[in-house]
Amino acid sequence: MEKVLTKMVGIENSQNIDVYLKHGGYQALPKALKMTPDELIQMMKDSGVRGRGGAGFPTGMKWSFLPKDNPKPRYLLCNADESEPGTFKDRVLMEDDPHQVIEGLIISSFAIQAHTCYIYIRGEYVTGAKILHKAINEAYEKGYLGKNILGSGFELDITVHRGAGAYICGEETGLIESLEGKRGWPRIKPPFPAVYGVFGCPTIVNNVETLVTPIHIINRGVQWWKDNEPKLYCMSGHLTRPGTYEAKIGTNLMELINDHCGGIPNGRKLKAVIPGGSSVPVLRAEECDVAMDFDALAKAGSALGSAGCMVMDDTTCMVNALWNLMKFYSHESCGQCTPCREGTHWLEMICGRIETGRGRMEDLELMLETANNIAGRTICPLGDAAAWPVAGLPDKNKGGDLNGQSFVNKFREEFEYHITNKKCKVTIPHEWN
Amino acid sequence: MALEFSPEKKKEVEWTLTRYPNKQAAMLPVLHIAQYQFGCISPEVMELVAKTLDLPVSRVQDVVTFYTMFHEKPVGKFHIQVCHTLSCAIRGGSQVVDYLENKCGVKCNDGISKDGKFSITKVECLGSCGTAPMMQVNDDYFENLTKERIDQLVNKWKSE
Ligand SMILES: Cc1cc2nc3c(=O)[nH]c(=O)nc-3n(C[C@H](O)[C@H](O)[C@H](O)COP(=O)(O)O)c2cc1C
Ligand code: SF4
Ligand code: FES
């Protein structure tokens, strides 16, 4: 398949503006500036683009929520916090093709009529921040940023803003608080950022990959997009060739694993995959014959999330894997809501005592119940993100209770073995040289 | 004596302040600049940042204690952060920590090695899972780690 989002990856000096221009860069921008903002928003709606940051919210619809009668300035915030475990695709875009990101930001800012845009990049991505900063300076010099862009009268400033190590700052209102110079404590919604966002002004927060999509829809048309929608997949774990892969949205997970990533190495067998970043329910090997798109994965009881596929072979202890994730959520909970702060802590402790041979049979129900008591009862979705890997997605038929379809029940036998035998069922150590 | 930004850092701070509608929003960038100059965010550094942003010191402290990247105490000349989240863990991430502890002569989360060179911590996913196991040392990522590669790197750092 022709690469669209990752076309520049591997090209020498791909970060340089002249190289980007030589490969057809900044051609969508003049076309966009000749359209009206409403036409651009309609284009995003027609193409059906859904957010790439995790929640999959329709982008055109989000943009149309901006109030028409609010005289305050509008802001575009590019969410480059990329801290969901298993996710590393935005880094590729920013480090290898920063001008694609900038062109996407200019078009998106024009569509929502924002004159200020911040790229909130996770603090650890120092290299990415430097590359973006340099690329932004090049774009100012060539007249793609600043006042009167390409003679259109449109004005835009972009600034790279580095975070400082906190997963919660990827949550859109945590990000806003952090950008304002505070702790990244999520806000209660409503009001939504589109109405009351950063500095009290109407704000749109989108993921990096989402914000480059308008370039390609403008260049190739809405119909092309609908027929060929490209998506980035982050493939990690027990794979022969892990990495970021561009493929048509809806590519089968087994095709990604076997054809793109060269399958599972060392003759081992596939055991499980977390398909959408650590916050979504796990799939058993036999459930992995599934299309990697929003609807098919939802039907399979999981989610596309941030498209971070964590692949595990039969050397993986599922109790240990869940414990690992629970440590993450417990560490990253911002502590504002009791169910999340206490619940994630208890999930970590209970899972840990099972793994270390001190578990009780009742602990399994206790974990499911604890997860259920977090989900849906918190300010932001981090609580849900911690609960879903344990106990699955909410079930409408059970009044929104979690359906139980994830680690604890799908690998129950392994958890029970741990409790009864006080040791791991998996005995093959993973070799590291 | 009250601390001051170096002339070069002062310029960076001034430019940074022009990019935001108010001073408080420059908090994280100014803290980063300060940490590059002073090595950590001590109480004196907090005072300098507070003065720069016209904010009470308590506001600065509130922020510094929230984010893992700001150190309130000095770290080693080479501050090693090993990812221990799932995709790294299942490719040897925890063995990387043990191996580094032996090589560098300092335990994880246990201050700085005697020669002042190394400090080691475990951190959550650094967005480099496709090249696991990995670590960040100061500003740089080191990916697809093997014992041999760690030997090379640590030996080089010991001689620097
Ligand atoms: C705890 C938490 C962490 C998140 N981290 C990120 C992130 O690192 N990057 C991102 O784009 N979205 C992240 N999100 C989703 C954002 O809140 C938001 O939905 C997204 O940036 C919207 O952009 P999109 O519509 O383009 O997906 C996170 C959400 C939660 C609850
Ligand atoms: S759900 Fe957790 S992370 Fe989100 S606001 Fe509440 S305590 Fe903080
Ligand atoms: S799990 Fe280690 S970098 Fe993501």
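**Figure 1. Residue classes and close neighbours in the shell around ligand 2.** In this predicted model, the shell around ligand 2 is made up, by class, of eight nonpolar residues, five polar residues and one charged residue. Altogether 14 residues surround ligand 2, and the closest of them are Cys334(A), Cys337(A), Cys340(A), Thr378(A) and Cys380(A). Two helices of chain A, helix H14 (338-355) and helix H16 (382-391), each supply at least two residues of this shell around ligand 2.

**Figure 2. The shell around ligand 1 and the parts of chain A that supply it.** There are 25 residues around ligand 1, of which Gly51(A), Gly53(A), Gly170(A), Asn207(A) and Thr210(A) come nearest. Sorted by class, the shell around ligand 1 holds nine nonpolar, 10 polar and six charged residues. Strand E4 (203-207) and helix H16 of chain A each supply at least two residues of the shell around ligand 1, and the largest share, three residues, comes from E4(A). Viewed by domain, the shell around ligand 1 draws at least three residues from domain 1 (17-225) of chain A and at least three from domain 3 (318-421) of chain A.

**Figure 3. The side of chain A that touches chain B.** Where the two chains meet, 49 residues of chain A are in contact with 35 residues of chain B. On the side of chain A that touches chain B, at least two residues are supplied by each of the following elements of chain A: strand E3 (157-162), helix H8 (172-179), strand E5 (230-237), strand E6 (243-248), strand E9 (308-313) and helix H13 (318-332). H13(A) gives the most to this side of chain A, with six residues. By class, the residues on the side of chain A that touches chain B divide into 18 nonpolar, 22 polar and nine charged.

**Figure 4. Ile41(B) and the residues it touches.** Ile41(B) has its place in the loop between helix H2 (27-38) and helix H3 (43-53) of chain B. Ile41(B) counts as buried because it has 25 C-beta neighbours inside 10 Å, and the cut-off for a buried residue is 20 or more other C-beta atoms within that distance. If residues up to four places away in sequence are not counted, Ile41(B) touches Leu31(B), Ala34(B), Gln35(B), Met46(B), Val64(B), Phe70(B), His71(B) and Glu72(B). Ala132(B) lies 91 residues apart from Ile41(B) along the chain, and the C-alpha atoms of these two residues are separated by 31 Å.

How values were computed. Residues are numbered from 1 along each chain as its sequence is written. Chains are lettered from A and ligands numbered from 1 in the order in which they are written. This is a predicted model: local features need pLDDT of at least 70, side-chain atom pairs count only at pLDDT 80 or more; totals for chains, interfaces and linings use all residues. A residue is near a molecule or strand if its C-beta atom, placed from the backbone, lies within 6 Å of it. Helices (H or I, at least four residues) and strands (E, at least two) are DSSP runs, numbered from the N terminus. Ala, Val, Leu, Ile, Met, Phe, Trp, Tyr, Cys and Pro count as nonpolar, Asp, Glu, Lys and Arg as charged, and the others, Gly among them, as polar. Domain bounds come from an automatic or database domain assignment. Two residues are in contact if their C-beta atoms, placed from the backbone, lie within 7 Å. A residue is buried if 20 or more other C-beta atoms lie within 10 Å of its own, exposed if 12 or fewer, and partly exposed in between; C-beta atoms are placed from the backbone.
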